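Hi everyone, thanks for coming. Let's take a look at this one together, starting with a sheet and ending with a helix.

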Amino acid sequence: MRFLILSDIHANWEALSAVLHDAATRRYHAVLCLGDIVGYGPNPNEVVSWIRTHADVVIRGNHDKACSGVATSESFNSVAQCSSRWTREELHEDHLQWLLNLARGPVLVEDFDLVHGAPDDEDRYMFHEHEAETGLRYVTEQLTFFGHTHVQGGFIGEPYRRHFEVSRLNVLPNQMSIVPERTYLLNPGAVGQPRDGDPRAAYCIYDSTMRIVEFCRVTYDIRTVQEKILERQLPQELAFRLASGD
Ligand code: ZN
């Protein structure tokens with residue numbers, strides 16, 4: 001089975017469209033979404049509508065919670081709060097209801113897990129090895145996909161006595177095999193707002209039969225998204241950061 005894994009789309013329709021076009025050439029059977037479907041971007045209704053229709057498994061992200069009212073946006077900075085308010089007003093009522101009822105991770109698919117932030121806390125970031133090490137203590141499966149940091153890559157843990165020796169995937173191989181006796185926390189990267197220095201939309205394909213993960217990047221029409229962000233009077237920082245990818 002080949003899975004298209006999407007995270008942090010953030011209402012960026014142009015990035016999602018480019019990813020779908022690119023992914024079609026690689027073939028997949030099911031779509032998995034790791035949350036943060038909305039927030040920041042200018043097309044929340046279009047993106048939610050596509051995910052509702054096409055995604056097979058979806059878990060919620062912190063922005064989905066804030067925009068739908070499951071959680072407050074108190075912990076957000078002013079830019080995120082502003083986009084969260086705008087998104088809430090913009091979203092159709094039935095899309096809001098759907099976001100409100102999204103599952104919390106971890107959610108098991110075949111023999112791997114999906115989480116938004118970390119295995120132990122859906123809102124916790126795993127940027128660094130020590131944060132991944134904590135997460136690895138809670139995993140029950142060999143492979144977990146996560147999002148939230150908007151950084152493509154992730155971590156590999158090798159069990160050592162009572163803890164894990166954790167290494168980060170710094171230089172990404174395009175294709176990576178899942179090998180026995182290691183535990184993986186892998187991030188497909190952000191479709192709609194990459195923050196790893198590469199502004200191209202990020203996603204991955206996981207082939208669960210071959211046990212191979214393919215990390216992919218694709219260019220998209222950033223300028224059109226920037227224009228929409230400014231037209232809708234969302235904070236201009238949201239437009240600028242798409243071009244820098246950080
Ligand atoms: Zn996000």
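**A pair of strands, then the whole sheet**

Start at Phe112: its bridge partner in S6 is Leu143. Before going on, this is a predicted model, where local features need pLDDT of at least 70 and side-chain atom pairs count only at pLDDT 80 or more, while totals for chains, interfaces and linings use all residues. Residues are numbered from 1 along each chain as its sequence is written, and side-chain values use heavy atoms, leaving out hydrogens and water.

Strand S5 (residues 112-114) pairs with strand S6 (residues 143-145) in the parallel sense, over three bridges. Here, two strands pair if DSSP finds at least two bridges between them. Helices (H or I, at least four residues) and strands (E, at least two) are DSSP runs, numbered from the N terminus.

Now zoom out: six strands make an open, mixed sheet in the order S4-S5-S6-S10-S7-S8. At its edges, strand S4 (107-109) and strand S8 (163-168) each pair on one side only.

**On to helix H7**

Which residues of helix H7 (residues 222-231) are buried? They are Ile222, Val225, Gln226, Lys228 and Ile229. These residues lie on the same side of H7, because they cover an arc of only 160 degrees around the axis, taken from the directions from the helix axis to the C-beta atoms. On the other side of H7, Arg223 and Glu231 are exposed. Buried means under 20% relative accessible area, exposed over 50%, and partly exposed in between (1.4 Å probe, protein chains only).

Finally, H7 is followed by Gln233, which has a positive phi, near 60 degrees.
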